[in-house]
Amino acid sequence: MADAKPSKPKASAPFAFADAAKAKAKAKAVDADADEAGHGATPRPAEHGRRWLRWACCGLAFAGALAAVVMLALSLTVLKVRDPTLSMDSVSVRWFSVRFDARALLRINVTLAGTIVIRNPNYESMRFGASDTEIFVDGVDGAVGVGRAPPGEVPARGASRVTADVDVFVDRVGPAVVGEVLFGSGEVRLASRTAVDGRISVLGGLYGRRAVRVAMRCRVALRVSAAAVGVAGNPACVADFGR
């Protein structure tokens with residue numbers, strides 16, 4: 001029996017190269033798809049600019065609203081000028097003279113010292129000029145005394161005290177008052193009016209200067225005798241809105 005001839009194995013190399021080529025092409029295709037996907041996720045320059053524009057508009061709107069709130073707060077506090085207030089802290093007799101003249105007429109002259117308190121409710125200091133004080137008696141036309149207080153300055157949200165010397169000529173008010181002094185209780189009731197003009201520089205003058213004026217009326221009683229003149233009680237004062 002003759003031996004069978006050995007058969008040659010079939011060549012598989014071409015198929016292996018073909019598989020390798022397909023795998024390489026597939027890998028390239030996957031890489032290309034990944035690159036396209038990555039490029040698609042990157043924002044475009046136009047979209048990036050619009051985003052910053054929106055942020056800038058929001059920032060400007062917030063800054064404008066904040067500035068409006070600050071201006072409103074300033075207008076209600078620092079920029080709003082309020083009128084000062086006056087009060088008479090005390091009244092005392094600095095000098096007096098009670099005498100009869102050559103015609104046997106009673107002469108009563110009194111110098112009063114009144115301490116005036118000026119209060120400034122504003123956030124800026126106030127400068128004020130010399131204040132005038134007039135003395136009246138009920139039922140008598142015109143002033144029976146006049147005085148002045150020196151100018152000065154009131155600090156922001158503070159108070160300042162000035163003294164006004166007022167000369168009162170009691171004998172000018174008529175026989176009724178003189179009769180009360182000679183034959184009555186010796187009490188003379190006086191009314192006073194004080195006015196003060198001032199000026200306030202808002203934010204150091206940056207927002208201008210505002211003129212203010214305040215006045216008050218007070219009532220005080222004097223006890224007059226041949227030996228002494230004194231103040232009876234404390235002065236009662238109210239604001240004079242008529243000015």
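Modeller: Start with Cys218, which is buried at 3% relative accessibility. Buried means under 20% relative accessible area, exposed means over 50%, and partly exposed is in between (1.4 Å probe, protein chains only). A word on the basis: this is a predicted model, where local features need pLDDT of at least 70, side-chain atom pairs count only at pLDDT 80 or more, and totals for chains, interfaces and linings use all residues. Residues are numbered from 1 along each chain as its sequence is written, and side-chain values use heavy atoms, with hydrogens and water left out.

Cys237 is partly exposed, at 29% relative accessibility. A disulfide links Cys237 with Cys218, at 2.0 Å from S to S. The term covers a pair of cysteine sulfur atoms within 2.5 Å. By that rule the count is one disulfide. The link of Cys218 and Cys237 is right-handed, with 110 degrees about the S-S bond. Cys218 belongs to strand β9 (residues 209-224) and Cys237 to strand β10 (residues 229-239); the two are 19 residues apart, and the pair links distant parts of the chain. Strands (E, at least two residues) and helices (H or I, at least four) are DSSP runs, numbered from the N terminus.

Two other cysteines deserve a look. Cys57 is partly exposed, at 45% relative accessibility. Cys58 is in no disulfide, and its nearest cysteine sulfur, that of Cys57, is 7.0 Å away. Cys58 is exposed, with a relative accessible area of 53%.

Back to β9, by way of the core. The largest nonpolar core has 32 residues, and Ile116, Ile118, Val168 and Leu190 have the most contacts inside it. Such a core is a set of buried Ala, Val, Leu, Ile, Met, Phe, Trp, Tyr and Cys residues joined through side-chain atoms within 4.5 Å. At least two residues each come from β1 (85-100), β2 (106-119), β3 (126-128), β7 (159-169), β8 (187-201) and β9. The largest share is that of β9, with seven residues.

Leaving aside neighbours within four places in sequence, its contacts include Cys218, Val220, Leu222 and Val168. Contact here means heavy atoms within 4.5 Å.

Now to strand β7, where Asp167 lies. Asp167 is partly exposed, with a relative accessible area of 35%. Its side chain makes a polar contact of 2.8 Å with the side chain of Thr111. A polar contact is a pair of N or O atoms within 3.5 Å; within protein, one must be able to donate a hydrogen and the other to accept it, and residues adjacent in sequence count only if both atoms are side-chain atoms. Asp167 and Gly145 are 22 residues apart in sequence, yet 5.3 Å apart in space, C-alpha to C-alpha.

Asn120 is buried, at 3% relative accessibility. Its side chain has a polar contact of 2.9 Å with that of Asn122. A polar atom of the Asn120 side chain also lies 2.8 Å from the backbone oxygen of Glu124. Beyond its neighbours within four places in sequence, Asn120 is in contact with residues including Arg157 and Ile200. The charged end of Arg157 sits over the ring of Tyr123, 4.7 Å from its centre. That calls for NZ of Lys or CZ of Arg within 6 Å of the ring centre and within 35 degrees of the ring normal.
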